[in-house]
Amino acid sequence: MDLKNKKVLITGGSAGIGKAILAELVRRGVQDVAVVGRRKEPLDALATEFPAVNFLLLPGDVGRAADLDRAVAAVTEAWGGLDILINNAGVVSAGLLTEQSDEDVVNQITINLTGLILLTKKCLPLLQQSPEGAIVNISSGYGYIAMPFYSVYAATKAAVGQFSDAMRRELHQYPLHVMTVYPSATDTDMMKTAVVHNMDSAEDVARAALEGLLIREINVILGGKDREEQIKTNFLEPKKIDAFAAANYEALRERTQTHRSM
Ligand SMILES: NC(=O)c1ccc[n+]([C@@H]2O[C@H](COP(=O)([O-])OP(=O)(O)OC[C@H]3O[C@@H](n4cnc5c(N)ncnc54)[C@H](OP(=O)(O)O)[C@@H]3O)[C@@H](O)[C@H]2O)c1
């Protein structure tokens, strides 16, 4: 895939992994980028930080269908087309399921999953006209290997992977690639309230994602060979991962007690 002259819509491109992906896209020649995010200030700051980019800065919440309609209408009006959709915006609220507020349960699902599906649906008429397009969905390592205290988040991220696979197979007659990225713990605002060491940088994730996209990988999994082995173990011998989670239960609980970015 050639990224030059591609028109890209990215959610959550104003911070963290999304912003690093935006920077990597620009480095690789992309000039037209639409960015959706809730807060106006970090969105507006992008125009100063990336002066060469033709931005469509679209304040909105991916959890609200009306905001998605507005974003897609703005893209249609400005560009009349779209080549790459990057569904990156996401939130997390950790804790025992019994301790999570109903709002946090619903909002994690609405933002991480329903919003991602609806935006994809609304962008498809544009993407299906692209001579070389892509949908990139950002899942999480927890989308492959679920851990205690992340039941809702892990459920949304596993669903993102399944949605990607179904879409790629549903769209096989179009020149549209669908890829899922599974970051490990990454040093962004989302992780400020968790206690995790040795995180990847957002730039590491962005580089891996775009290198994967260029060679049309189906899954980009961060975390190296160890992670690949753990995924195999989780699939073939899930009781081994159960034992690991049980042995580390209290430590995990302590590290994740205040982890929330909503
Ligand atoms: N960091 C990690 O360790 C890690 C690991 C695995 C997967 N991931 C996934 O990677 C993606 C990016 O995470 P990150 O660490 O970069 O998070 P982050 O630093 O918290 O940044 C999130 C971005 O998404 C936007 N956003 C959040 N909720 C939104 C909503 N409802 N509507 C529109 N925009 C929204 C935020 O802007 P506003 O707040 O202004 O809306 C911000 O630009 C997420 O899907 C996350 O689940 C992260």
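For what follows, Ala, Val, Leu, Ile, Met, Phe, Trp, Tyr, Cys and Pro count as nonpolar, Asp, Glu, Lys and Arg as charged, and the others, Gly among them, as polar. This is a predicted model, where local features need pLDDT of at least 70, side-chain atom pairs count only at pLDDT 80 or more, and totals for chains, interfaces and linings use all residues. Residues are numbered from 1 along each chain as its sequence is written, and side-chain values use heavy atoms, leaving out hydrogens and water.

I start with the ligand.

Now some polar contacts, meaning pairs of N or O atoms within 3.5 Å. A polar side-chain atom of serine 14 sits 2.9 Å from a ligand oxygen. The backbone of valine 62 places a polar atom 2.9 Å from a ligand nitrogen. For asparagine 88, a polar backbone atom is 2.7 Å from an oxygen atom of the ligand. Alone, the ligand exposes 880 Å², and the protein buries 95% of that (accessible areas by the Shrake-Rupley method with a 1.4 Å probe).

Last, the lining of the largest cavity. Its residues divide into 5 nonpolar, 4 polar and no charged. Helix α4 (residues 102-127) gives the largest share, 4 residues.

Methods: Helix = DSSP H or I, 4+ residues; strand = E, 2+ residues; numbered from the N terminus. Polar contact = N/O pair within 3.5 Å; in protein donor to acceptor, adjacent residues only side chain to side chain.
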